[in-house]
Every structure is written in structure tokens, then in C-alpha cells.
Amino acid sequence: MKFTLSWLKDHLETEASLDEILETLTDIGLEVEGVENPAAKLAGFTLAKVKTAEQHPDADRLRVCMVETDEGDKQIVCGAPNARAGITVVLCKPGDYVPGIDVTLSVGNIRGVESHGMMASERELELSDEHNGIIELPSGEVGQSFTDWLAENDPAKVDPVIEIAITPNRPDALGVRGVARDLAARGLGRLKPAKTVEISGQFPCPIDVSIDKDATEGCHVFAGRLVRGVKNGPSPDWLQTRLRAIGLRPISALVDVTNFFTYDQNRPLHVFDAGKVTGALRIHQAKGGEAFLGLDEKEYALPEAALVISDDKGVESIGGIMGGLDTGCTEETTDVFIEAAFWDFIQIAHAGRALKINSDARYRNERGIDPGFNMAGLDLATQMVIDLCGGVPSEMVVAGAVPDVSRAYRLDTARCSSLVGMDIPAEEQRATLERLGFVMDGDMAQVPSWRPDVLGEADLVEEVARMASLTQLEPKPLPRSQPGVPKPILTPLQKREQVARRTAAALGYNECVTYSFIDQAAAALFGGGDDATMLANPISAEMSHLRPDLLPGLLRAAARNQARGMSDLALFEVGAAWHGGEPGDQKLLVAGLLVGRTGPKDVHGASRSVDLYDAKADAEAILAAIGAPAKVQILRDGPGWWHPGRHGRFCLGPKKMLGIFGEVHPKILAEMDVKGPAVAFTIWPEEVPLPRAASVTRGAMQVSDLQAVERDFAFVVAADVAALDLVNAAAGADKALITDVRVFDEFIGGSLGEGQKSLAITVRIEPRTATLKEAEIEALSAKIVDKVGRATGGVLRG
């Protein structure tokens, strides 16, 4: 929303400076996005008077002028044809920056004659394109600021242009008067009385209007009036200057009037050339597919149910969005039909989006205009047309009725403190609402018709606080609900999420934050992509489903990095994943991905390709940090996106899975365009059981003071027996004494024969109460051999 300072002062009587106005606008919620102040670039220039102008001794087209300035007489060489004695000029001194030629002046020497500055033309000061001569002023004193002279004699050239951002809930601020009303309510001046006019129709309007039954919910009221005998042409300079300042192109007086009211009063209007209208005008819904040539000279295919205005020939305007070229006003227009209507903003938005038309009329009608100003706005526009173009008005024709939007809410002055935290006197609250146009009837506030955003008591409090300035809000600590040390704020799951994130970062991983939405193909690779997780209104086809796992986003990030030359990656993410569309189908996950090598190449050969044991070690570190038990089972049979023989699941029993690690399946890497090797892990923090006894400190570390014993065993087993099964069997022989079991050798072939292999393990035995005797160790060893034999069919290797 753009407007000039002088335009604002047409509605606001104020002595406030530009800076005060800008600061106040932002403070009351109308954020200033930019200011174009022509006076700023002209601030250093002053007026001077040419005393003498003599021919340059060495140039036919140059003159040596003696110029009277506020610093005394100065010699200036000038090439302008109108440089002569006695004229008042604009002086640019050495050190001044001249915007039109992008030069900072200095004392010059022009063909042997010193020149102490220059006398500027309009183009050199970016006032216009005029450059045939220097500026000649009809008045002014030597030394007077040029900006002051312009402010007194030609204020439009130094009129600042202000641009503010309007939130969707404030359509009233899309008019200059609405902005002025807010500033006046803040106390930055006085809102001038609104202009009113009564138009007496001199004859019945020859163009009748009607609203079809299918359009009554989309067009509440449609009013119009014909003005006969107008003379269309260029609008006056003040109107053209005002429209150009806000970026609009003046077209003709009739069209410029409608643009003026659009920005001045937030009242979109339209003018039809009545001589081109055949029969009556009716508002109805489009059937769909009709061709329409708009004022922008583009042809549109109308969507079904779009509100249109038609005469006997066909569609002449898209209601509330854009008029048609066929009935547009030109210089030959002599009879004009002025239309003002109130449309349903939702139907305007639907039609505008379907047609992809972004007009000022659509922008305002789909946000909401003032229905109570419909007839008054039509009268004011009619009067302005008569003033600029002449003509005789007809009687007004109306279809439909202005909707009743009156409503009232109780102002509870005590709620300002509880809702906003500001203590504002009750009388000041009432006075603020009255300045904003609310009518107070006791404690009931009647909402003005131009404020569709006020829909409850809380909105009244918001208006009061906004005008009082939220910058006055003093921060106050929340009172404690109970004395003493407050209880922890974070839930156990939130703490685990925090610890997991810090642990992964400490392990050298870089955190990623990827989209929760992925495409159907990627979701299907990870067990998702069904209708339960499909979005009803996706942003794009690449974001059609909720992610079933965090790995798709990490693999996509890895692929993008690899495409840019980053081959060694360690990425992790903490976030939600979904396996259904119900609230309970969302789970928190911690996922990590390693791609490439463990480090850069070196002379020691320490760099190697990442493997599943790297992922396993990092996953175990994170599980330990979030409180998972030290002893877990490693099982297989993971989902299909893991390598079938190179992955494992961290489990507390067959049905309680804490996490999974391993190599990503080569087919998945190929589909995601990732160059392997790639290993990963996924952890479910919610599955880690909570400690039975909550404590703020760690329990005492229990270390046995007795000698530990290690025994090695070599078992011959079938080739398809998993080493993990053997380790678990050995560890289960005596859970109290056996603290660790490790595989240290595997042998295949030789005298073992086909289908056999040898697995060698080390068993660590730690007594707790007494040193083990040899017989006890032998008994435990026999128990280990027996347990392994029954679990795997293995026998001791001879």
C-alpha cells in the first residue's frame, strides 16, 4: 500500500514530522516497508543569483558567470543557453553529490577558467527529463534551501512516498483514510471530517441492473448511476501526480477517478462506456469456458461459477476483479455508467486465483471493503466525475441490498491487564475505541462497518493495546506455582531428544533439517506412500506424502552434497516420522547416515570405507546417552531397505526394538542417486524404557575387586549359524558371572569340510563375592559348551 505524505494530510490534520509518522505507523501494526523522500537528495542545494554572464575566452558555447551565493560571489563556467544575468538558479557547490549525473563536484578547470560549482538543470536533479537549460526560479532568496522553496511553491516534487505492509486482517488500512484514522487514534493529529455529497438524479437511469438467483450469495448489492454528456480526457495535474507517485499510470479522467477512490477510500469502482452497453446489466455466474477480453487486452476463459456482469451482447466485466475492453471508457466516451458493488470475498478469491488476475480491485474485494460506504462512495465518485468531466447524473439504480454487518461486543476493561499485560485506564480504553470509529453504548462497543476483523471481545482489547503501543509493555516474570525449586519443564522424551542431538553432534555428525513431506516413490521405498499418509493439499508433487522414515531426507541431502563434490559425509536428523494418518501413528526418530570414507587419505593408510560397525558404534553411543540398557540383543530380519546380511536390530526381546543399524540396500542407494558405501542407523527414543527409580544423580559404580578370568573357546558350527547366536548362547550360560563375550576369529575350510566353520570367542568372567577356584571355572566352561551346543549345534574344535 503506497501513498504520499500530502495525500495523507488530506485526511489527517497533523504537525508531526515524517520520521514521527513512519515510527508511529510501524508501532501501530502498519509496518513501513519503504520511503521515497525526494527532498533527501536535494537537501544540500541552495538558491543563488547570476550577477554577470560573459563569453568564455576559449569556447563559443560556454559562459563565465559571476554568481551570488550564501558564501559570497563565486565564478562558475556554464554551458546552458539560458545562462544570463539576473536569473535565480539552483546552486550545486563543490563537495555536493549531483544525483542525475552521479558525480560529486569539485573545483574544476574548464579550458583554463576555474569553476566553483555548477548551476543545475531539472534532469541533473532528477526532477524531470528537462535538460535544455538550467533551472530558472521565479522567486527565492540567495542562500534559501531549494527543498524549502519547492515545499512552498511546488510541493509535489518533494512529496515523500510511503509504502506500508498490510496484514490480511486489516483491509480498512488499504485506503489512505483508514491509515489516517489509525494515526489520529494514536494521537498524531486530528482526523478531518469525511466528505459527503448528495446527488440528485435529473432523469431515470436508462440502464437497469439485476442480480440472478445463482449470484445472490456472491453479490450482495450492485448500484450504479449514468452520467450523460461527459467529456473524457486527461485528468488534472494533481491527480496524475498523485497516481504516478504510487506507481500507477494515468489513463483518462474517468479511469483515474476509479483508481483514486480505490486507494483513497479503499472503494473499488468501475466505469462502463454507456454507449457500448446493450440493454440491462445483470450479475450472474459464468457457465464456464466463455471468452472474455479484459482491460489489460488479454483474453481469458472464464471458470465455472465466476461472478460476471453481462449485457445483452455477453460478458462485459468480471465482478470485483476486472472490467472488459469492449465497454471500457475512451476519449470518445460521452455517457458513462459508474458502478459500485459489494461482493463475497471468498468467491472473488476463487475466481481471481483461477484466472490468475492480480488487480487492485481483486486485492481489496477479496479482503473485504466497507459495505456501509457503497452508496456514499458512488455519490462521491459521481461528483468527482461531474467536477472533472462535466455531465448530468441520472437517478441511482440498485439491485440487492447492503448487508447488515452491525454487531456489538462488551468491552471488559479489566481484560486488558489479563490478556495483554498492560494497565490502561477504563476511560482511555473507551476513548481509544471511539477515535477508531467504534460507537460506545455503555460497555457495549458497536463495531464500524469497515472493520470486518473485529469479531470478539479480545479484538477490542487488541485495538486498545495496539493504540497504547505494545512497546510500553513491561516484561514481568511469571509467578511460581509453588515455592522452592521448580519442577523440570522438559518431559523425559524431550530430554532424550536433546541428549541424542548433542551426542550425535559430538560424534562428528552434521545435523540436517529436512522436509516432513516427500514424494510417493521415495516414501514407498521405505514402507510408506499409501493413502493414509497422503496429503490432501500438497505443496507440490514432490511433497505428496508424510515421510515414513528420516533416511529418505538424509539420502537426498547426501546425493545433493555428492553432486557438489562432497563425498565423505556424516549426517543426522532428529524428527518425526509417520506410519499412518492417525495421531498415534507419529513417532520420534533419531537417524544417522555415514557415506564415503572415515577420513581423508594419509600416508599411514588409516582412511578406510565406512562399514556397519561404525554405524553400530555410533548408535550404541547414542542409546547409552539416552539411558538404554547396556545389554541388548542384536537381531536380524530388518525392513527391506537394509542390506539383508549386513544389518542388525537393537532389541530387548523379539518384540521390543530400540533401533536398527547397518548398510543401506544397494537398490535404495541407486534409487536415491547416492554413491556408496553408505551405512546408517535409526533409533526410536520412545522405546527405551524409563528408569524404575528416578534420580538426579548417577548410581554408584560397582567394580569388583576380585581377579577377572578370560577363557577362549573355538566351536565348529554349521556355515549358516550366525556368530551372534553363538555369542548370545555363551553369554546366557551364567549372566551373573559372564560380563562379556567377543568373537575374535573365524575359520572356514581346511580339515573342517564343506558346510562347516570355526568361530573362536573370548569369555570374560568376573566374580563378585569370592575368587573362583579352578573347579568352578571348569564347571562354568562346561556349562558354556553345553549351552552353545544346544543353541547352535556347535562342538568344541579338537
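Author: Start with a pair of strands. In this predicted model, S33 and strand S34 (residues 586–595) are joined by 10 bridges and run antiparallel.

Reader: How do you know that S33 and S34 pair?

Author: Two strands count as paired if there are at least two bridges between them. S33 and S34 have 10 bridges, so they pair. Within S34, Gly 592 stands opposite Phe 572.

Reader: Why is strand S33 called mostly covered?

Author: A residue is buried when its relative accessible area is under 20%. In S33 (residues 569–578), 10 of the 10 residues are buried.

Reader: Which helix is mostly covered?

Author: Helix H5 (residues 176–186) is, with 10 of its 11 residues buried. Among the buried residues are Val 176, Asp 182 and Leu 183. Just after H5, Gly 187 has a positive phi of about 105°.

Reader: What makes the contact between Lys 313 and Asp 311 a salt bridge?

Author: The term asks for a side-chain nitrogen of Lys or Arg within 4 Å of a carboxyl oxygen of Asp or Glu. Between Lys 313 and Asp 311 the N to O distance is 3.0 Å, so the pair qualifies. Side chains of opposite charge can pair when their charged atoms come close.

Reader: Are Lys 313 and Asp 311 buried or exposed?

Author: Lys 313 has 51% relative accessibility and counts as exposed, because the cut-off for exposed is over 50%. Asp 311 has 7% and counts as buried, because buried means under 20%.

Reader: How do you know that Lys 157 and Asp 154 form a salt bridge?

Author: Their closest N and O atoms are 3.4 Å apart, and the limit is within 4 Å. Lys 157, at 26% relative accessibility, is partly exposed. Asp 154, at 25%, is partly exposed too.

Reader: Which parts of the chain does the salt bridge between Glu 746 and Lys 757 link?

Author: The closest N and O atoms of Glu 746 and Lys 757 are 3.8 Å apart. The pair links distant parts of the chain: Glu 746 belongs to strand S40 (residues 738–748) and Lys 757 to strand S41 (residues 756–765), 11 residues apart. Glu 746 is partly exposed at 48% relative accessibility, whereas Lys 757 is buried at 7%.

Reader: Which residues are joined by salt bridges into one network?

Author: Arg 170, Asp 172, Asp 182, Arg 451, Asp 453, Glu 463 and Arg 466 are joined, through salt bridges that share partners. A search of the whole structure gives 44 salt bridges.

Reader: Which residues touch the most other members of the largest nonpolar core?

Author: This core has 70 residues, and those with the most contacts to other members are Phe 3, Leu 8, Leu 25, Ile 164, Val 179 and Leu 183. Helix H10 (residues 374–389) gives the most to this core, namely 7 residues. Leaving aside residues up to four places away in sequence, Leu 183 touches several residues, including Leu 8, Leu 12, Ile 21 and Leu 25. Another core lies apart from this one and has 35 residues, among them Ile 211, Tyr 300, Ala 306 and Leu 355. In soluble globular proteins, nonpolar side chains tend to be buried together.

Reader: Why are S15 and S23 called edge strands?

Author: They belong to an open sheet of 5 strands with mixed pairing, in the order S15-S18-S21-S22-S23. Strand S15 (209–211) and strand S23 (322–323) each pair on one side only. S15 runs parallel to strand S18 (residues 281–285), with 3 bridges between them. Ser 210 is opposite Arg 282 in S18.

Reader: Why is the chain called more spread out than a compact globule?

Author: The chain has 20 helices and 42 strands. Its radius of gyration is 41 Å, well over the 28 Å that the globule rule gives for 798 residues, so the chain is more spread out than a compact globule. Its C-alpha atoms fill a box of roughly 125 × 85 × 60 Å along the principal axes. Buried residues make up 46% of the 798.

How values were computed:
Residues numbered from 1 in each chain as written. Predicted model: local features only at pLDDT ≥ 70, side-chain atom pairs only at ≥ 80, totals over all residues. Heavy atoms only, no water. Buried < 20%, exposed > 50% of the residue type's maximum accessible area, 1.4 Å probe, protein only. Helix = DSSP H or I, 4+ residues; strand = E, 2+ residues; numbered from the N terminus. Core = buried A, V, L, I, M, F, W, Y, C linked by side-chain atoms within 4.5 Å. Contact = heavy atoms within 4.5 Å. Rg over C-alpha atoms; globule rule 2.2 N^0.38 Å.
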